[in-house]
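Hello,

Here is the structure I promised to pass on. Please have a look, then read my notes below.

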Amino acid sequence: MIYGAILAGGVGARMGGDKPKQYLSIKDKPIIVYTIEKFFVEKEFDEVIVLCPSMWVEKTKDLIEKFIPDAIEKVVVIEGGEKRNDTIMNAIQYIEQQGKLDDNTVLVTHDSVRPFVSHRIIKDNIEALKQYDACDTVISATDTIVVSEDGTIISEIPERKKMYQGQTPQSFKAKKFKELYMSLTEEEKDILTDGAKIFVIKGEKVALVNGDTLNMKITYPYDLRVARSLVEEEDA
């Protein structure tokens, strides 16, 4: 079984405003709807799980019914968790409750605020899971990366050719993800920034999937302006 998981659990504090950023609109359609559409039309997904704050579950269902009525049979909306990996675990728990969690269950996780993900990227993630237990979508770093241990003085400047910027999807064998996550100490959980890091901490291989600069994350007001321009350009 292959599942998509759209992670919409954040409140978007860096964007400001009175609603989570995934519910802001681009041309009268919320960002999250664009993202759901990308996953809904992907035939390889058996089901798409949208995970959002509890107070937005019903609103999200209403948006799907309004903008993507055909998706009702394939897309389910449930509550996300406090942190990113808690949200992923909620998706896995849902799969397990359906009796569908086994060694071959694939979970493709994606930020709800990356609406420009391509079908090529999604398919490459699914393909990578035929050989590995985890993969991460990345693009080569174009700027030099500077490391500072104290935030004041440069500690290290790694070779740029070895540096990549992480995007999503991040995809996992769902059962393996659960096993590794449950084996983490509280100290290890505190340093997590995403799902792939769990595999890295535990010494598991994480394959690289080529991303795309267009697969941007809408985090700040500037990003929203760029996204709106891209949609207007596509329509033109």
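**What I found**

Helix 5 (residues 174–182) lies across strand 6 and strand 8, and runs at about 105° to strand 8. Some ground rules before going on. The model is predicted, so local features need pLDDT of at least 70 and side-chain atom pairs count only at pLDDT 80 or more, while totals for chains, interfaces and linings use all residues. Residues are numbered from 1 along each chain as its sequence is written, and side-chain values use heavy atoms, with hydrogens and water left out.

A few terms too. Helices (H or I, at least four residues) and strands (E, at least two) are DSSP runs, numbered from the N terminus. Angles run from 0 to 180 degrees between N-to-C directions, with axes fitted as lines to C-alpha atoms, for helices over the stretch in contact. Contact means heavy atoms within 4.5 Å. Buried means under 20% relative accessible area, exposed over 50%, and partly exposed in between (1.4 Å probe, protein chains only).

**Helix 5**

Which residues of helix 5 are buried? They are Ala174, Phe177, Leu180 and Tyr181. These residues sit on the same side of helix 5, because they cover an arc of only 130° around the axis (the arc is that of the directions from the helix axis to the C-beta atoms). Their cover includes helix 3 (84–97), strand 6, strand 8, helix 6 (186–190) and helix 7 (196–201).

Seven strands form an open sheet with mixed pairing, in the order 5-4-1-6-8-7-9. Two strands pair if DSSP finds at least two bridges between them. The edges are strand 5 (75–79) and strand 9 (207–210), each pairing on one side only. From one strand to the next, the twist averages 30°.

Helix 4 (residues 119–128) packs on this sheet. Helix 4 touches strand 1 (2–7), strand 6 (106–111), strand 7, strand 8 (164–173) and strand 9. Its direction makes about 160° with that of strand 9.

Strand 7 (residues 134–140) and strand 9 run parallel, joined by four bridges. Val138 has Asn210 of strand 9 as its bridge partner.

**Strand 1**

Is strand 1 largely enclosed or open? Six of its six residues are buried, so strand 1 is largely enclosed by the rest of the structure. Ile2, Gly4 and Ile6 point one way, Tyr3, Ala5 and Leu7 the other. Strand 1 runs parallel to strand 6, with six bridges between them. Gly4 stands opposite Val108 there. Strand 1 also runs parallel to strand 4 (residues 47–52), through five bridges. Leu7 has Leu51 of strand 4 as its bridge partner.

**Two residues to look up**

Ser171 is in strand 8. Ser171 counts as buried, at 0% relative accessibility. Its side chain makes a polar contact of 2.9 Å with that of Asn125. A polar contact is a pair of N or O atoms within 3.5 Å; within protein, one must be able to donate a hydrogen and the other to accept it, and residues adjacent in sequence count only if both atoms are side-chain atoms. Leaving aside neighbours within four places in sequence, the contacts of Ser171 include Leu107, Val108, Thr109 and Asp133.

Arg228 is in helix 8 (residues 221–235). Arg228 is partly exposed, with a relative accessible area of 35%. Not counting residues up to four places away in sequence, Arg228 touches Ser25 and Ile26.

Best wishes
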